[in-house]
Amino acid sequence: MVTDDADANAPKSYPSAGPMPMLGLGTWQNEEPEQCVESVRTALEMGYRHVDTAQIYENETAVGEGIERAGVDREDVFLATKIWSSNLAPEDVLKTARESLDRLGVEYVDLLYVHWPARAYDPEGTLEAFTELHEEGLIENVGVSNFLPEQLAEAVAVSDVPILANQVELHPLLQQADIREACASHDVEVVAYSPLARGGVFDQPVVQDIADEHDVSEVQVSLAWLREKGVTAIPKATSKAHIRDNWESLSLELSADEIDAIDAIETDERQVDPGFAPWN
Ligand code: NAP
């Protein structure tokens, strides 16, 4: 079912990075089940076709219910989940991926990520289990998340299935040039998490000026900049107003000068920084 929302706010096009629509809905901390169901349903009815969840978010059941309730065909939705770092031993990957599919109520996911290269992560063993899931048709693509360039190179070398994407924190306040370069060199897509810097983009003066110029939110500027960089973004939004504001970023085009001005922001402001992160 497509509602009037989709028509009223339809972007001129909905770009994709390979099989992956370049704007998705993030769901971390969208934990109250009915709210999460409604956020996912609202986004899909507005036109989103990419939803990001993870075992650790404890909302896979609600995400699956939201897809079901939206009434879009399963095969039209790009659904991604992530195996938590304590479940990365091969036998746990095989077992808990099936549990994720059961919770989501689907027969396959479009993308299964290694959530962090930490704890039980062992490149060969973990990625061999991902390959087995791929051969069984339970996952369409393999992804990694929070991988530094050297870990990405290792994963690319040992995985029998190509690595589709590396999901990392990325926004105007943390531009991750080295990771973007490494991904490009391995033909791996970049997915930006916390693409709004969890609200931090509202306080960035360069982003503020560009937003004023276009009479749009700072959030839209951040998302448009990511898209211009060829990066897929998965902003988390709960309310319909936020979901719509983010969707409308697809219609925002920045000038070369505006992109250069954002490129020149030199901060390194990280929002997600657990002790087990590979950079710590
Ligand atoms: P984010 O998307 O940068 O920011 C989310 C915050 O921005 C929420 O408080 C949200 O509020 C607010 N917001 C959303 N749209 C807005 C708008 N148009 N105007 C004003 N405020 C707006 O942060 P994130 O949740 O950390 O990252 C996004 C997604 O990336 C996550 O949900 C998750 O799926 C993924 N992620 C992955 C990892 C990883 O390790 N792989 C780590 C972090 C995140 P409301 O909820 O009230 O709308």
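This is a predicted model: local features need pLDDT of at least 70, side-chain atom pairs count only at pLDDT 80 or more; totals for chains, interfaces and linings use all residues.
Local features need pLDDT of at least 70 and side-chain atom pairs pLDDT 80 or more, while totals for chains, interfaces and linings use all residues. Residues are numbered from 1 along each chain as its sequence is written, and side-chain values use heavy atoms, with hydrogens and water left out.

**Exercise 1. Salt bridges**

State how many salt bridges the whole structure has, and describe the pairs formed by glutamate 34, aspartate 52 and arginine 98.

Solution. 
1. The criterion is a side-chain nitrogen of Lys or Arg within 4 Å of a carboxyl oxygen of Asp or Glu. A search of the whole structure gives 11 salt bridges.
2. Glutamate 34 pairs with arginine 69, with 2.8 Å between the closest N and O atoms. Glutamate 34 lies in helix H2 (residues 33-46) and arginine 69 in helix H3 (residues 60-70), so the pair ties together parts 35 residues apart in sequence. Helices (H or I, at least four residues) and strands (E, at least two) are DSSP runs, numbered from the N terminus.
3. Aspartate 52 pairs with lysine 82, the closest N and O atoms being 2.6 Å apart. Aspartate 52 is in strand E4 (residues 50-52) and lysine 82 in strand E5 (residues 78-83), 30 residues apart. Both aspartate 52 and lysine 82 are buried; buried means under 20% relative accessible area, exposed over 50%, partly exposed in between (1.4 Å probe, protein chains only).
4. Arginine 98 pairs with glutamate 136 at 2.3 Å between the closest N and O atoms. Arginine 98 is partly exposed at 33% relative accessible area, and glutamate 136 is partly exposed at 39%.

**Exercise 2. A negative patch**

List the residues of the negative surface patch and find which helix gives the largest share.

Solution. 
1. A patch joins like charges within 9 Å, using residues with over 30% relative accessible area and no salt bridge; Asp and Glu count as negative.
2. The members are Asp122, Glu124, Glu128, Glu132, Glu135, Glu154 and Asp160.
3. Helix H5 (residues 123-135) supplies the largest share, 4 residues.
4. Glutamate 124 is located in helix H5 and counts as exposed because its relative accessibility is 54%.

Key: Patches are made of residues with over 30% relative accessible area and no salt bridge: like charges are joined within 9 Å, nonpolar side chains (Val, Leu, Ile, Met, Phe, Trp, Tyr) within 5 Å. Accessible areas come from the Shrake-Rupley method with a 1.4 Å probe; for residues, only the protein chains shown count as cover. The place of a charge is taken as NZ of Lys, CZ of Arg, CG of Asp or CD of Glu.
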